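Here is a short briefing on one protein model. Look over the sequence and the structure, then read on.

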Amino acid sequence: MPRLSQRTCKSNMRARRRSLFLTLFAVLLQVSACQAQPQVTIATEGGRELTFQVEVADTPAKRELGLQYRRDLAVDHGMIFLFPAESEHSFWMKNTPIPLDMIFISKDLKIVGIVEQAVPFSTDSRSVPGASQFVLEINGGLSKRHGIKAGDSVRFQALSPESVKQ
């Protein structure tokens with residue numbers, strides 16, 4: 001029976017390790033692709049449900065950057081700002097070239113108020129009367145078009161408000 005050289009054995013071991021690594025890497029990619037995308041769903045008084053795929057702004061740095069410098073936003077996408085506690089929050093549109101609707105949401109997941117069609121690049125402070133803990137930014141005009149109003153209910157999917165950083 002022929003003996004394998006030490007060099008052949010080492011080469012086979014390297015090939016097995018490489019194959020194992022590539023298999024594990026592929027599995028990790030599939031698992032991360034299967035994780036649910038964060039979503040915010042609004043149930044309107046009229047019985048409609050509208051779901052938005054959202055980016056999450058849950059740290060001071062992410063909340064400060066927001067949607068600045070974005071030239072476009074898909075019609076079913078937005079950004080949800082998560083704050084550690086309810087308060088009267090205000091926003092501006094500095095460096096934001098697209099009009100946005102800002103939907104202010106209470107800790108009880110009810111819409112408190114909406115700033116519609118916030119003007120791009122404006123440094124005017126925009127807010128609604130009343131405390132909110134979350135603010136959803138979507139394309140300007142969608143709130144009116146879909147009948148989203150104060151008092152409508154909101155729910156989160158694949159999103160943990162408890163993960164908010166001060």
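A salt bridge is a side-chain nitrogen of Lys or Arg within 4 Å of a carboxyl oxygen of Asp or Glu. Arg-70 forms one with Glu-55, and their closest N and O atoms are 2.8 Å apart. This is a predicted model, where local features need pLDDT of at least 70, side-chain atom pairs count only at pLDDT 80 or more, and totals for chains, interfaces and linings use all residues. Residues are numbered from 1 along each chain as its sequence is written, and side-chain values use heavy atoms, with hydrogens and water left out.

**Overall build**

- The protein has three helices and seven strands. Both are DSSP runs, numbered from the N terminus: helices are H or I with at least four residues, strands are E with at least two.
- From the N terminus on, the order is α-β-β-α-β-β-β-β-α-β.
- Of the 166 residues in the protein, 36% are buried. Buried means under 20% relative accessible area, exposed means over 50%, and partly exposed lies in between (1.4 Å probe, protein chains only).
- The accessible surface comes to about 10,400 Å², and 54% of it belongs to carbon and sulfur atoms. Areas come from the Shrake-Rupley method with a 1.4 Å probe; for residues, only the protein chains shown count as cover.
- Take the contacts with a separation of 6 or more: 70% of them join residues 24 or more positions apart. A contact means heavy atoms within 4.5 Å.

**Salt bridges**

- The count comes to three salt bridges.
- Arg-70 lies in the loop between H2 and S3, and Glu-55 lies in strand S2, so their bridge ties together parts that are 15 residues apart in sequence. Arg-70 is partly exposed at 27% relative accessibility. Glu-55 is partly exposed too, at 33%.
- Arg-155 and Glu-49 also meet through their side chains, at 3.1 Å from N to O. This pair links distant parts of the chain: Arg-155 is in strand S7 (residues 153–157), Glu-49 is in strand S2, and they are 106 residues apart. Arg-155 is partly exposed, with a relative accessible area of 38%. Glu-49 is partly exposed at 48%.
- Asp-58 pairs with Lys-62, with the closest N and O atoms 3.5 Å apart. Asp-58 is buried, at 9% relative accessibility, whereas Lys-62 is partly exposed, at 43%.

**A buried threonine**

- Thr-44 sits in the loop between strand S1 (39–43) and strand S2 (49–57).
- Is Thr-44 buried or exposed? Thr-44 is buried, because its relative accessible area is 9%.
- Leaving out residues up to four places away in sequence, Thr-44 touches Leu-50, His-146, Gly-147, Ile-148 and Asp-152.

**The largest pocket**

- The largest pocket has a volume of about 280 Å³. It is lined by 17 residues, and the closest to its centre are Arg-63, Glu-64, Phe-81, Phe-91 and Trp-92.
- Helix H2 (60–65) and strand S3 (77–87) are the elements that give two or more residues to this lining. H2 gives the most, with three.
- On a 1 Å grid over the protein atoms alone, a pocket is an open set of points with protein on both sides within 12 Å along at least five of seven lines; lining residues have an atom within 4 Å of a point. Points are joined across faces, edges and corners, and the volume is the space filled by probe spheres set on them.

Technical notes
On a 1 Å grid over the protein atoms alone, a cavity is a set of points where a 1.4 Å probe fits but cannot get out, and a pocket is an open set with protein on both sides within 12 Å along at least five of seven lines; lining residues have an atom within 4 Å of a point.
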